[in-house]
Amino acid sequence: MNWNPSVPAAGAAPRPDDSTPGMTHPISTDFDSTSGAPVAASQDYASTRPAWVEVDLSVLANNVRLIRADLSKAVRLLYVVKDEAYGMGAVAAAKVALANGVDHLAIYTLEEAAALREAGITAPILILGERTPLEIPGVIELKLTPCVSSLEMAREFDAAGRRRNRPVPVHIKVNSGMNRFGFHWREVDAWSRAVAGLGGLRIDGILSHFAQSDEADKTFAHEQIRRFEECLRVWGTVAPRPPLVHMCNSGGFLDLPEAHFDMVRVGLLMGGVFPSTVCRRIPGIASALSVRTRIAAIQPLEPGDTVGYGMRWSATRRSRIAVLPVGYGDGFPRVRNQGEALIFGRRVPLVGGVAMDALTVDITDLPGAEVGTEAVLMGCQGAEEITARDLARLKQSVTYDVLVGWRRRLPRVYRGGSGVAP
Ligand SMILES: Cc1ncc(COP(=O)(O)O)c(C=O)c1O
């Protein structure tokens, strides 16, 4: 039996690039013939786990190229790689994206930015959200561009710029209706004059953010665009328009081309997940992330036997139940008798409750499945796919939450490397 996630199980649908070298978690199964000690690489314990998040970097690269080709040449492309590029691994995803048409990156925390800089990424990085004065030295040290949302923080950054005799590059955040961060659009006359007068700042950009861009009804999105444009007009009366005006997330990029301005900020769609069921589709965009495991045990059940905690499922016939070693501790939704896995390209139902470390599926109708057979919990196998949206329904949440919810204890395995990452 082969347990190495780099090699598909017998019967599993072949993956396009299974011959590709460049797994980031090489597994040694060699042992010294006299001492019996493992020979090499076995200290990477995570890589021996028969459950993993698989990131296909060639799919990610293709998504980036399709998005880039869909955009007007004059519009820059920013990739939001916060929270490990929505679960894929920020460094690997950023490197591939930068090599395939992305110009800028955005993250949310200083730690996320530091990881990118430590990996040698020199591209411009926008740090989203609002900072505190404590974070200013880190922002400057890491050469980040902060979003500034309040006069207090604008003055703090201005003072930092004056102290070092070099203006701090910032983007001004406008609250056009999201009501989270940003200078309020109604107060533009006051804040534009105040911010424009701060010589310790270099205003490189102005941005806003949609509260709802991916639904069929774009009424409020259009109202936000109108408010943002009014702010740009007023700003233009006190200072030059900055080089980077931007507003769109994935939904806006897809459906609101009139709001592309100088740059779009795309996160979710880069990984191949569309933000809603109604937004525009770009053919060829595919999910880069999948979650895979191997059957850890098989239980033969007699009619009436139950499975798992609480005994919430009982067999109505002689059954074979496969135990998959992934649970809610890995980020799988905590459901009971709902959901599916793919084995041999066929859907098999989850039975019983999902535990912290394991879930169970009914494989009675798959006599060829055995311990070690690959199972897909999210992603494609053969012609079937379990999507992030399928899991979001189970989780009663959104696709974003499903993607970032895959916990660190599931090792990330990279395929389709272009020699650029990780
Ligand atoms: C300010 C901002 N811009 C852009 C994005 C990217 O959004 P999406 O992942 O929908 O493309 C986010 C994500 O939350 C964000 O907070």
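In strand β13, the residue standing opposite I298 is A322. Strands here are DSSP runs of E with at least two residues, helices are runs of H or I with at least four, and both are numbered from the N terminus. The structure is a predicted model, so to speak of a local feature takes a pLDDT of at least 70, and side-chain atom pairs count only at pLDDT 80 or more, while totals for chains, interfaces and linings use all residues. Residues are numbered from 1 along each chain, following the sequence as written.

Back to that pair of strands. In total, five bridges join β12 to β13 (residues 319-324), and the two run antiparallel. On to β16: four bridges join β13 to this strand, again antiparallel, and the bridge partner of I321 there is D362. Put together, that gives an open sheet of three strands in the order β12-β13-β16, where strands count as paired if DSSP finds at least two bridges between them. The edges are β12 (297-301) and β16 (359-362), each pairing on one side only. From one strand to the next, the twist averages 30 degrees (axes are lines fitted to C-alpha atoms, for helices over the stretch in contact, and angles between N-to-C directions run from 0 to 180 degrees).

Zooming out, the protein chain has 11 helices and 19 strands. Of its 422 residues, 45% count as buried, meaning that 20 or more other C-beta atoms lie within 10 Å of a residue's own; 12 or fewer makes it exposed, anything in between partly exposed, and C-beta atoms are placed from the backbone. Among contacts between residues at least 6 apart in sequence, 66% join residues at least 24 apart. A contact means that two C-beta atoms, placed from the backbone, lie within 7 Å.

Now for the inside. In soluble globular proteins, nonpolar side chains tend to be buried together. The largest nonpolar core has 118 residues, and L60, Y79, A93, A94 and A341 have the most contacts inside it. Such a core is a set of buried Ala, Val, Leu, Ile, Met, Phe, Trp, Tyr and Cys residues joined through C-beta atoms within 7 Å. Helix α3 (residues 90-98) gives the most to this core, with seven residues. Eight of the nine residues of α3 are buried, so the helix is largely enclosed by the rest of the structure. Setting aside neighbours within four places in sequence, A94 touches Y79, V81, A85, L105, L116 and I121.

After α6 comes N165, with a positive phi near 60 degrees.

Lastly, W406 sits in the loop between α11 (399-405) and β19 (412-415). With 24 C-beta neighbours inside 10 Å, W406 counts as buried. Leaving out neighbours within four places in sequence, W406 is in contact with V53, G87, V291, D330 and G331. F332 is 74 residues from W406 in sequence, yet 7.3 Å away in space, C-alpha to C-alpha.
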